[in-house]
Amino acid sequence: MTASTLTVVLPLAALYAAFLLWYGGRGKPLTRDEIEAFLAPLRSRVQDDSGRAHLADLERLLARDDGREFIMHNVIRYREKAAYPPGYDYGPSAPAADRRYGKAIVPYLLRYGNLPVFIARRSGEFVEPAGIDRWDVVAMVRYRSLRDFLRLANAITEDRITVHKWAAIENTQIFPVQPLVSLIFVRGAVGALLALAAWMLT
């Protein structure tokens, strides 16, 4: 390998190593002390029964932590009209409130190695048993770990970003999923792009 080739390959290899470090996904499970430290500020902000129920759900999720990456599946039904608390001067559109939330949360997701991998809105009807919720949006978000999920949760609640989310949402169902078959290869895709860049530059 020539010196000129090395000047291209080595920086790209270092960039890929930095990406793998940021992307992570193979950490250690949360300790009990970590869980309590993360939950304390969340508990201090709970003001109603709904918030307490969400915290109880979160604690059950944390009890099964293995320290590794996961995908959170979200389905959302919008309110007919956005329900902002007093003092927030936004329009009545619930989808607009959700877009406001989505735009605001992206920097927090990236900061903690998390990525939205699939977002789609309802485009029709098919099998819908009577009495079930009619979902408007489906979203899947990859989290580096539950540790990073908690870091994100604390950051966005502290900065009051979730006000847009709950103004938009009438009902939601959120649960982690483990892919059995997936064509999403983030590590491989980034590696392939950098390899292609190295080939083109040498």
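What share of the 202 residues in the protein chain is made up of buried residues? In this predicted model, buried residues make up 33% of the chain.

**View 1. The protein chain as a whole, with its helices and strands.** The secondary structure comes to 7 helices and 4 strands, and read from the N terminus these elements follow the order α-α-α-β-α-β-β-α-α-β-α. The C-alpha trace spans about 65 × 45 × 40 Å along its principal axes.

**View 2. The salt bridge between Glu34 and Arg147.** Side chains of opposite charge can pair when their charged atoms come close. The structure holds 14 salt bridges, and in the one formed by Glu34 and Arg147 the closest N and O atoms are 2.9 Å apart. Because Glu34 lies in helix 2 (residues 32-45) and Arg147 in helix 5 (residues 146-158), the pair ties together parts that are 113 residues apart in sequence. Glu34 is partly exposed, with a relative accessible area of 25%, whereas Arg147, at 14% relative accessibility, counts as buried.

**View 3. The salt bridge between Asp133 and Arg77.** Here the closest N and O atoms of the two residues are 2.7 Å apart. Asp133 lies in the loop between strand 2 (115-121) and strand 3 (137-143) and Arg77 lies in strand 1, so this pair ties together parts that are 56 residues apart in sequence. Asp133 is partly exposed, with a relative accessible area of 27%, and Arg77 also counts as partly exposed, at 23%.

View 4. The closest N and O atoms of Asp57 and Arg60 are 2.2 Å apart, and the two residues lie 3 residues apart in helix 3, which is about one turn of the helix. Asp57 is partly exposed, with a relative accessible area of 40%, while Arg60 is exposed, at 53%.

**View 5. The second largest pocket and its lining.** This pocket has a volume of about 660 Å³, and of the 25 residues that line it, the closest to its centre are Glu69, Phe70, Ile71, Gln178 and Pro179. By class, the lining has 12 nonpolar, 4 polar and 9 charged residues, and its largest share, 3 residues, comes from helix 7.

How values were computed
Residues numbered from 1 in each chain as written. Predicted model: local features only at pLDDT ≥ 70, side-chain atom pairs only at ≥ 80, totals over all residues. Heavy atoms only, no water. 1 Å grid on protein atoms, 1.4 Å probe; cavity = no way out; pocket = protein on both sides within 12 Å on 5 of 7 lines; lining within 4 Å. Points joined across faces, edges and corners; volume = space filled by probe spheres on them. Nonpolar A, V, L, I, M, F, W, Y, C, P; charged D, E, K, R; others polar. Buried < 20%, exposed > 50% of the residue type's maximum accessible area, 1.4 Å probe, protein only. Salt bridge = Lys/Arg side-chain N within 4 Å of Asp/Glu carboxyl O.
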